[in-house]
Amino acid sequence: MADSPDFERTMSPLELYEKLTAQGDQVRALKTAKSDKAEIDAAIQLLLKMKLEYKQVTGQDYKAGSPPSENSAPFNGATADGSNDEDTVDPWNVSTTNAKGVDYDKLIVRFGSSKIDQQLVDRIEKVSGQKPHRFLRRGIFFSHRDMHQVLDAYEKQKSFYLYTGRGPSSEAMHVGHLIPFIFTKWLQDVFDIPLVIQLTDDEKYLWKDLTIEECHRFAVENAKDIIACGFDVNKTFIFSDLDYMGASPEFYRNVVKIEKHVTFNQVKGIFGFTDSDCIGKISFPAIQAAPSFSNSFPQIFGSRKDIQCLIPCAIDQDPYFRMTRDVAPRIGYPKPALLHSTFFPALQGAQTKMSASDANSSIFLTDTPKQIKTKVNKHAFSGGKDTVEEHRKHGGNPDVDVSFMYLTFFLEDDEQLEKIRQDYASGALLTGELKKMLIDTLQPMIAQHQERRKQVRLQVQNVDRPLYRGTFHCFQSIVRQESMLGLYKGIGSPMMGLTFINAIVFGVQGNAMRRLGCDTPLNQFLAGASAGAIQCVICCPMELAKTRMQLQGTGEKKSKRKLYKNSLDCLVRIYRKEGFRGINRGMVTTLMRETPGFGVYFLAYDLLTRSLGCEPEDPYMIPKLLFAGGMSGIASWISTYPVDVIKSRLQADGVGGVNRYSGIMDCVRQSLRKEGWRVFSRGLVSTLLRAFPVNAATFATVTLFLLYMREGQECSIPNSELQPAQLQPLQPPSENMQAIAQQ
């Protein structure tokens, strides 16, 4: 995610020798003073880097007391026998002299990580219940830190979240940039967990010769490519550092905590910074470290700081997270776990990784089919022989052939890939034929990505840029993406409880009025409130199931893996996982909404029918009943809508495996802090538009039915025994969708 620091390569060999000697003295002084282990380790790392630099300049190993001779020659990194002493792998440079690429086994030893062996791959398959991704099967993700710990916690029902990122140094991403995102999407799908994606536009401004506006624009364009990978929009948060740092006090607080616990000597030792580097570079590692801690994202995880983070990334980013893992326990946070990938080679060969700064070394996601074909045919390094006859006789070397390497990343079928390897190694498959296979694989893959990117509308989940611009836009989006059936998602749960709710409300409201005796406005309110309170026993679980049903797969063109088959299955699963308390999640807020809501509902209807003079012989009785019922529904919703917003959020909370809110007041505080008072009226328009016809039809139908059943008896519309029940209005898809966007 960064570019090379400015090493002082203009120093003479003698000056380098003197600096090395001084650094050696500092290491010894730190050890004598029994300084902090982390500071000593950082000083040692810097000493080792300086020794490597000394050898590159002089061609000699550093020896204390033996200054270099004046005729020391510059060194190109190779030893006397021509072999490479060590691959260069850091956040800014990746290079090797080996045509097969970096020696990853040596890199594991050098970085102190653990190899992803078959035992771990099998365990991931067992825990996830899914066939391992091809990147795991083929060793493309080859190294890890604490992955067993993540799986242990997951088996104990403790969730985790994913964090990965992109340094937006150009408007177009290349195919190599897709590797961590392809794998991260698989992890999100199989474990059903939240994901945060950091766009380090601030870093690119510090390292590159770009304006701050260009860096932010690149971040926006890159975000569209990332979204086109198909992440779950309900569980993914993509942010630009330039935007988010100023908008999230919690994120910045973590940055400051990290900065306090990392010394200048440590960052020099880890990253090779020098005195000539700007202070922005020196402080940046803390910004890349901060997303590793869950309370950096209060809008997702609330104030929780105990949720472990898993970071899929290329191994050149490991220095950032070695530093992060060292700091984490000292500031009271869990260490992030990591999964490391190999590098995606340049077209010219595996000696270096694909780079956006070299157009001829890269295949961009914006390339046309013709450009892809030309680049592969012209630039892709071949492991074949010089002539067809020689190739047929001796075969090619798939281990150094770039076309075969690329197929290893993108071809799903293991048997087909192995057959290609064998045919190429035996000479049965020519280089031109292998390149054609790669072209035929890349062209449709990139074309499909370009098509998905065209359909991306960048959705940032905040009050200024909500998921839906309004009620009509929400309606259009749901119909376009999910057909008309999407408007009825979750309807099974309300219908399942409708009979019981009507029976409860009719019985309780009628009996309450008889107990209260006098037919007064106050008694109408009290009778309605008692009916509303008692029917919550059915209403709360019903609405929980409806919310969860509407939450899964919302707004996606293609259906994701569904958690629930139907509303009943939803409630059964919630009960098995969370018990009786789980299926009554949001009960307090439901009571707070329904009790006064039904009181206002029946009171408004009583007052309106009295004032309008609704009598059986009135020729305009039906329009009056419709008007009174519709306005009663509107009055009821307006009086309790803020409570409904909180109820919806609490019932949607925890779907991704992480609870954001610790309770009602915490939900209120977080909502107010992030979105202001407008949060309590968001979605109200669509609710009122639905409330009027639904409640108008409800009151008119029930009242007319009771009049018909009591034909011949003296009947007064406001009579307590004839008060109809409120049919619990369906939460429209737009409200629950909005609740998702608000979280």
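Predicted model: local features only at pLDDT ≥ 70, side-chain atom pairs only at ≥ 80, totals over all residues.
## Overall picture

The chain runs to 743 residues, and 54% of them count as buried.

As for secondary structure, the protein chain has 30 helices and eleven strands. Now take the contacts between residues at least 6 apart in sequence: 76% of these join residues at least 24 apart.

## Helix 11 against helix 13

Two packed helices are described by the angle between their axes and the distance between the axes. Here the pair is helix 11, covering residues 249-260, and helix 13, covering residues 279-289. Their axes sit 8 Å apart, and the packing angle is about 130°. As for handedness, the two helices cross in a right-handed way.

Which residues make the contact? From helix 11 come F251, V255, I258 and E259, while helix 13 brings in S283, A286, I287 and A289. Sorted by class, the contact of helix 11 with helix 13 has six nonpolar residues, plus one polar and one charged.

## Two loop residues with positive phi

Q157 isn't a glycine, yet it has a positive phi of about 70°. You'll find Q157 in the loop that runs between helix 6 (147-155) and strand 5 (160-166). Is Q157 buried or exposed? With a relative accessible area of 63%, Q157 is exposed, because the cut-off for that is over 50%.

D192 is another non-glycine residue with a positive phi, this time of about 55°. The loop holding D192 lies between helix 7 (178-191) and strand 6 (195-199). D192 has a relative accessibility of 19%, and since buried means under 20%, D192 counts as buried.

## T640 in helix 27

T640 belongs to helix 27, which spans residues 621-652.

What does T640 touch, once its neighbours within four places in sequence are left aside? The contacts of T640 are then R593, P596 and G597.

Terms used. Residues numbered from 1 in each chain as written. Heavy atoms only, no water. Helix = DSSP H or I, 4+ residues; strand = E, 2+ residues; numbered from the N terminus. Contact = heavy atoms within 4.5 Å. Buried < 20%, exposed > 50% of the residue type's maximum accessible area, 1.4 Å probe, protein only. Axes fitted to C-alpha atoms, helices over the stretch in contact; angles between N-to-C directions. Left-handed = near helix turned anticlockwise from the far one by under 90°. Nonpolar A, V, L, I, M, F, W, Y, C, P; charged D, E, K, R; others polar.
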